[in-house]
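Visitor: I would like to learn how to read a few features of a model. Please give the general idea and then the case at hand.

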Amino acid sequence: MLFCLTAASCAQESGSSARQAPPRLILQITVDQLRGDLLWRYQDRFGEGGFRYLLDEGTVYLDAHHRHANTETIVGHTTLATGADPSAHGMVANVWLDRSAGVLTYNVEDARYPILTEGAGVDLATEIDPTQRAARSDGRSPSAIQVSTFSDELKLFYGRESKIFGVSVKDRGAISMAGHTGKAFWFSKQSGEFITSRYYYERYPDWVTEWNSRKPAEAYAGESWRLLHDASTYLFGDADDRPYETVLPGFGRTFPHEFGDPSDRYFTTLLTVSPAGDELTLDFAKALIDAEEIGADEVPDYLSVSFSVTDYVGHVFGPSSLESEDNILRLDRTLAELFQFVEQRVGLENTLIVLSADHGAPEAPGYLSDLGFEAAYVDPGSFDRTTAIESLKAQFGIGEELITTYFHPYLYLNRELISQRGLDQGTVEAAVADVLTQFDGIFLAISSSALREGRTPDFPVVQTILRNFSPARSGDIYIVFEPNRFINNFDGLTVASTHGSPWRYDTYVPLIFVGAGIPAQRVARPVQTVDVAPTLSLLIGAKPPSGSVGVPLSEVVQYLSGFRR
Ligand SMILES: [Zn+2]
């Protein structure tokens, strides 16, 4: 294997037997909801060693997008991890209806593998993440991911020698990236600790027990999230108090945002809606790097760190808010600290870093309206009560039971009843989809029968829905709302903005590779997130993940001129 530091040295070395060792560490960073433009908006404000290191030293893709329709967290993470579309990797949504059990299923739930800490699972009384609330069990595993990840392929290539870890505040942000063969840790809002499940360990490694016993979350007791700089230096410095921002109990809409005390029921939740959540993730990752001796020998190790706070802050305050702006400046400091730590322990020259995001984000409709742009929230619950749907039910002789459930992005029909009435499933799907498409706020509703049978218009949005289609898990009708329209009410909790559409603001993400001899350059050609995993495989010499459809990125891999195999 040969990693050349420059094109010139590649040319020089290609005729010789000089070979540079592969990177000791592949560090995959995913910033949850970091839309592609946000780095450019704030680039002049970054300090040294964080985003600056990536932007100045790395191969920076300026036009990277997800290519699937449902731009949600598990879908984007798994796509980055596998190089596959959701149609192949199977993670078509954060939540889908398990038809055999007749219940909604959370993507990484698995009752066979309980979490190791009793009482650290989801608490329905305080959980604000609507997808976590759908889980019926505290067990977690990657079993629902139907293909291999890059991290799996690295493990398979090097056998037992390669260490694979995933860390995140979110279980789905950690589990997806660690794949089937790695180990995952995530933050419990119940216990304020990093936890794992029996899929990974029978008991906690000593270093995890030691880290948790220090109770790092409690260090934020009585503290608050304050601005890093003077408010006048911020783009949104005079826009802290906006009516569409979510008021979480005790946290308020304006700085400083108080965390309260550990005894307060929302204390740990508020940490995850502030830079503290990513700081805790960083601290845990540092302990992991030391204890597990990550990057200590020549066999490449893999560490995924998914930073979740940008997502929670984006949902609660919108991506164009003072909170979002300050969070990104603080994330820049968090990244700088991580990179400095990696430099000390592993050496940045021995570390290949790849950074991207699981999805982008829409602007809050209130922010758009302030600027004269028409936008609105939608309430899908109201669709079921319209005259058009009522007359459809009468036409088919099916009452309230026609629609089993709606959970973004799929509408699920009552297949058993449709069959019992002697009706054709495809005909009913098409009729419901037709009616839905006429509703204000709905751009397109497309039936799964039409997708399965290839009866779909050749239309870019339809292509993204096809890539999202899994016969076993997808619902019967995929609903796409018009641009800048989305649901913001989840069980009574209203948020400022919600991603999950196929529109460009939700698909646009940063994509940067740095280290291991990869040159500093800006690349303007369009690339896709499915390209990431096969690029990493090619760099190592491992085979591509099993469902991978991406193309290795030529700007990254062209500097290789020889392989050990
Ligand atoms: Zn996300």
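Visitor: Which helix and strands each supply at least two residues of the lining of the second largest cavity?

Guide: First, a caution: this is a predicted model. Now the general idea: rolling a probe the size of a water molecule over the atoms shows where empty space is left. Here, helix H2 (38-42), strand S2 (59-65) and strand S20 (508-514) each give at least two residues to the lining of the second largest cavity. The largest share, five residues, comes from S20.

Visitor: What is the volume of the second largest cavity, and which residues line it?

Guide: The volume is about 50 Å³. The lining includes Gly-36, Leu-39 and Trp-40, then Leu-55, Val-60, Tyr-61 and Leu-62, and also Tyr-508, Val-509, Pro-510, Leu-511 and Ile-512. By class, eleven of the lining residues are nonpolar, one is polar and none is charged.

Visitor: Next, helix packing. At what angle do H8 and H10 pack, and how far apart are their axes?

Guide: Two packed helices are described by the angle between their axes and the distance between the axes. For helix H8 (residues 206-213) and helix H10 (residues 275-291), the angle is about 145° and the axes are 10 Å apart. The crossing of H8 and H10 is right-handed. On the H8 side, the contact is made by Trp-207, Val-208 and Trp-211, and on the H10 side by Leu-280, Asp-283, Phe-284, Ala-287, Leu-288 and Ala-291. Of the residues in this contact of H8 with H10, eight are nonpolar, none is polar and one is charged.

Visitor: How many aromatic pairs does the structure hold?

Guide: A pair of aromatic rings is described by the distance of the centres and the angle of the planes. The structure holds 26 aromatic pairs. One of them is Trp-186 with Tyr-200, which is edge-to-face, with 6.5 Å centre to centre and 70° between the planes. This pair links distant parts of the chain, 14 residues apart: Trp-186 is in strand S6 (residues 183-187), and Tyr-200 is in the loop between strand S7 (194-195) and H8.

Visitor: Now the backbone. Which residues does a cis peptide bond with omega of about -5° join?

Guide: Most residues other than glycine have a negative phi, and most peptide bonds are trans. The bond in your question joins Phe-255 and Pro-256, and Pro-256 lies in the loop between strand S8 (224-225) and strand S9 (257-258). The peptide bond from His-408 to Pro-409 is also cis, with omega near 5°. Pro-409 sits in the loop between strand S13 (403-407) and strand S14 (410-413).

Visitor: What is phi of Lys-215, and where does this residue lie?

Guide: Phi of Lys-215 is near 50°, a positive value in a residue other than glycine. Lys-215 is found in the loop between H8 and S8.

Definitions and conventions. Residues are numbered from 1 along each chain as its sequence is written. This is a predicted model: local features need pLDDT of at least 70, side-chain atom pairs count only at pLDDT 80 or more; totals for chains, interfaces and linings use all residues. Side-chain values use heavy atoms; hydrogens and water are left out. On a 1 Å grid over the protein atoms alone, a cavity is a set of points where a 1.4 Å probe fits but cannot get out, and a pocket is an open set with protein on both sides within 12 Å along at least five of seven lines; lining residues have an atom within 4 Å of a point. Grid points are joined across faces, edges and corners, and a volume is the space filled by probe spheres set on the points. Helices (H or I, at least four residues) and strands (E, at least two) are DSSP runs, numbered from the N terminus. Ala, Val, Leu, Ile, Met, Phe, Trp, Tyr, Cys and Pro count as nonpolar, Asp, Glu, Lys and Arg as charged, and the others, Gly among them, as polar. Axes are lines fitted to C-alpha atoms, for helices over the stretch in contact, and angles run from 0 to 180 degrees between N-to-C directions. A crossing is left-handed if the near helix is turned anticlockwise from the far one by less than a right angle, and right-handed if clockwise. Contact means heavy atoms within 4.5 Å. Rings of Phe, Tyr and Trp (its six-membered ring) pair if their centres lie within 6.5 Å; planes under 30 degrees apart count as stacked, over 60 as edge-to-face and the rest as tilted.
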